[in-house]
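The exercises below are to be worked through with the coordinates at hand. Each task is followed by a solution in steps.

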Amino acid sequence: MPVQRFDLIIKRRKARRQLQLDWNLVLRKLDTPPCEHTFTQEAARVVCDERLHLVSPAAHGPCANCQKPYCPACHPRKCPKCDNTTG
Ligand SMILES: [Zn+2]
Ligand SMILES: [Zn+2]
């Protein structure tokens, strides 16, 4: 599949991150960047505040315990707000 690679720069407050995305020349659309937690192909992405991960809205959902949303790519094992490890 012929693609054209270009750089995408995400700016968020003081942080800055550079990604490479592929523009698909056949389909004439942008390949969706993969969710960095679930690798779903859903189109929507949430940019995390800490390290600018791109994750799906479902993965970036609220903690089951304290209801605060957090980035699962930054904190795969536990909620950073309440240290809840169950879920
Ligand atoms: Zn929590
Ligand atoms: Zn993150």
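This is a predicted model: local features need pLDDT of at least 70, side-chain atom pairs count only at pLDDT 80 or more; totals for chains, interfaces and linings use all residues.

**Exercise 1. Overall description of the chain**

How many helices and strands does the protein chain have?

Solution. 

Step 1. The assignment gives zero helices and five strands, and the pattern along the sequence is β-β-β-β-β.

Step 2. The mean pLDDT of the protein chain is 79, with 84% of its residues at 70 or more. Among the elements, strand 3 (residues 29–30) has the lowest mean pLDDT, 67, whereas strand 5 (residues 54–55) has the highest, 86.

Step 3. Of the 87 residues in the protein chain, 30% are buried. The accessible surface is about 6,100 Å², and carbon and sulfur atoms contribute 50% of this surface.

Step 4. Among contacts with a separation of 6 or more, 18% join residues 24 or more positions apart.

**Exercise 2. The site of ligand 1**

Which residues are the protein donors of the zinc ion (ligand 1)?

Solution. 

Step 1. The donors are the SG atoms of Cys63, Cys66, Cys79 and Cys82, at 2.3 to 2.4 Å from the zinc ion (ligand 1).

Step 2. The angles subtended by these four donor atoms run from 108 to 112 degrees, and the arrangement is therefore tetrahedral. For reference, the ideal angle for four tetrahedral donors is 109.5 degrees.

Step 3. Along the chain, the donor residues of the zinc ion (ligand 1) are spaced C-x2-C-x12-C-x2-C. Cysteine 66 and cysteine 82 are 16 residues apart, and each is in the segment after strand 5.

Step 4. Cysteine 63 is buried, at 1% relative accessible area. Cysteine 66 is partly exposed, at 22%, and cysteine 82 is partly exposed, at 29%.

**Exercise 3. The site of ligand 2**

Which protein atoms are donors of the zinc ion (ligand 2)? Derive the geometry and describe how the donors are placed in the chain.

Solution. 

Step 1. The donors are Cys48 (SG), His53 (ND1), Cys71 (SG) and Cys74 (SG), lying 2.1 to 2.3 Å from the zinc ion (ligand 2).

Step 2. The four donor atoms subtend angles of 102 to 114 degrees, so the arrangement is tetrahedral.

Step 3. The sequence spacing of these donors is C-x4-H-x17-C-x2-C. Histidine 53 lies in the loop between strand 4 and strand 5, and cysteine 71 in the segment after strand 5, so this pair ties together parts that are 18 residues apart in sequence.

Step 4. Cysteine 48 is buried, with 1% relative accessible area, and cysteine 71 is buried as well, with 3%. Histidine 53 counts as buried at 8%.

Step 5. A search of the whole structure finds zero disulfides.

**Exercise 4. Surroundings of histidine 53 and valine 47**

Which residues does valine 47 touch, not counting residues up to four places away in sequence?

Solution. 

Step 1. Valine 47 is part of strand 4, and with a relative accessible area of 19% valine 47 is buried.

Step 2. With that exclusion, valine 47 touches Ile10, Arg12, Leu52, His53 and Leu54.

Step 3. Leaving aside neighbours within four places, histidine 53 is in contact with Arg17, Glu36, Val46, Val47, Cys48, Cys71, Ala73 and Cys74.

**Exercise 5. A further positive phi**

Is glutamine 67 buried or exposed? State its location and phi.

Solution. 

Step 1. Glutamine 67 lies in the segment after strand 5, and its phi is positive, near 70 degrees, in a residue other than glycine.

Step 2. At 53% relative accessibility, glutamine 67 counts as exposed, because the cut-off for exposed is over 50%.

Methods
Residues are numbered from 1 along each chain as its sequence is written. Chains are lettered from A and ligands numbered from 1 in the order in which they are written. Side-chain values use heavy atoms; hydrogens and water are left out. pLDDT is the predictor's confidence in each residue, from 0 to 100. Helices (H or I, at least four residues) and strands (E, at least two) are DSSP runs, numbered from the N terminus. Donors are N, O and S atoms within 2.8 Å of the metal (3.2 Å for Na, K and Ca); water is not among the atoms, so sites may look incomplete. Four donors count as tetrahedral if all angles lie between 85 and 135 degrees; four count as square planar and six as octahedral if opposite donors are over 155 degrees apart and all others between 65 and 115; anything else is irregular. Buried means under 20% relative accessible area, exposed over 50%, partly exposed in between (1.4 Å probe, protein chains only). Contact means heavy atoms within 4.5 Å. Accessible areas come from the Shrake-Rupley method with a 1.4 Å probe; for residues, only the protein chains shown count as cover. A disulfide is a pair of cysteine sulfur atoms within 2.5 Å.
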